[in-house]
Amino acid sequence: MSCVATLKEKGLKLTPQRILITDIIHDARGHITAGEIIEHVREKMPGVNKSTIYRTLDILEEAGCVYKSEQGNEFIYHHDHEGHHHHLKCSRCGRTVDCEEDMFASVKKSVMKKYGFKADFKHLIVNGLCNVCKKSG
């Protein structure tokens, strides 16, 4: 289901800003930072306030249209059609490798068993060293 259809189904207003932001995320065809979204919105609608954009991103996340992750000191977003997945990010060279959703299934089970806590591993970014950087010292 499209984000616009999801927002309609949930009784949320379809403002021009919300439609534009969903289009930007969809057109990104991958991950996009909040800063990049703000930049694209301001190119098309110069008067839109940052707080409106962040509020819209929160609404889209709550509605299940996008996933939000923290990478370094910024948030990244991706469309729900990409599904849940994780990333291994090299701290030295910045290379990123996508991982399958079930990569942390055993950790999720261990957390539940040991702490009685149901972990929500929707979109993790794990920092470390890639093979190339690890070998180069």
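Me: At what angle do the axes of α2 and α3 cross?
Reply: This is a predicted model, and in it the axes of α2 (residues 16–28) and α3 (residues 34–44) cross at roughly 125°, coming within 10 Å.

Me: Left-handed or right-handed crossing for α2 past α3?
Reply: Right-handed.

Me: And which residues in α2 and α3 meet?
Reply: From α2 you get L20, I21, I24 and I25, and on the α3 side they meet I37, H40, V41 and K44. That contact of α2 with α3 splits into six nonpolar residues, one polar and one charged.

Me: OK, next pair. What's the angle between α2 and α4?
Reply: About 70°, with the axes of α2 and α4 (residues 50–62) 10 Å apart. So α2 and α4 are roughly perpendicular to each other. The handedness here is right-handed as α2 passes α4.

Me: Which residues make the contact there?
Reply: On α2 it's Q17, R18, I21, T22 and I25; on α4 it's T52, I53, T56, L57, I59 and L60. By type, the contact of α2 with α4 has six nonpolar, four polar and one charged.

Me: Then how do α3 and α4 cross?
Reply: Their axes come within 10 Å and cross at roughly 120°. That makes α3 oblique to α4. α3 passes α4 in a right-handed crossing.

Me: Who's touching whom in that one?
Reply: A34, I37, I38, V41 and R42 of α3 are in contact with K50, I53, Y54 and L57 of α4. The α3 and α4 contact counts seven nonpolar residues, no polar ones and two charged.

Me: Switching topic: how many aromatic pairs are there?
Reply: Zero, by the ring-pairing rule used here.

Me: What about a charge over a ring, where does the end of K68 sit?
Reply: Over the ring of F75, with the charged end of K68 4.4 Å from the ring centre.

Me: Zooming out, how many helices and strands are in the protein?
Reply: Six helices and six strands. Reading from the N terminus, the order is α-α-β-α-α-β-β-β-β-α-β-α.

Me: Last one, for setting up a box: what do the C-alpha atoms fill?
Reply: A box of roughly 50 × 40 × 25 Å along the principal axes, and that's for the C-alpha atoms.

Conventions:
Residues numbered from 1 in each chain as written. Predicted model: local features only at pLDDT ≥ 70, side-chain atom pairs only at ≥ 80, totals over all residues. Heavy atoms only, no water. Axes fitted to C-alpha atoms, helices over the stretch in contact; angles between N-to-C directions. Helix = DSSP H or I, 4+ residues; strand = E, 2+ residues; numbered from the N terminus. Left-handed = near helix turned anticlockwise from the far one by under 90°. Contact = heavy atoms within 4.5 Å. Nonpolar A, V, L, I, M, F, W, Y, C, P; charged D, E, K, R; others polar. Phe/Tyr/Trp six-rings, centres within 6.5 Å; stacked < 30°, edge-to-face > 60°. Lys NZ or Arg CZ within 6 Å of the ring centre and 35° of its normal. Parallel < 35°, antiparallel > 145°, perpendicular 65-115°, else oblique.
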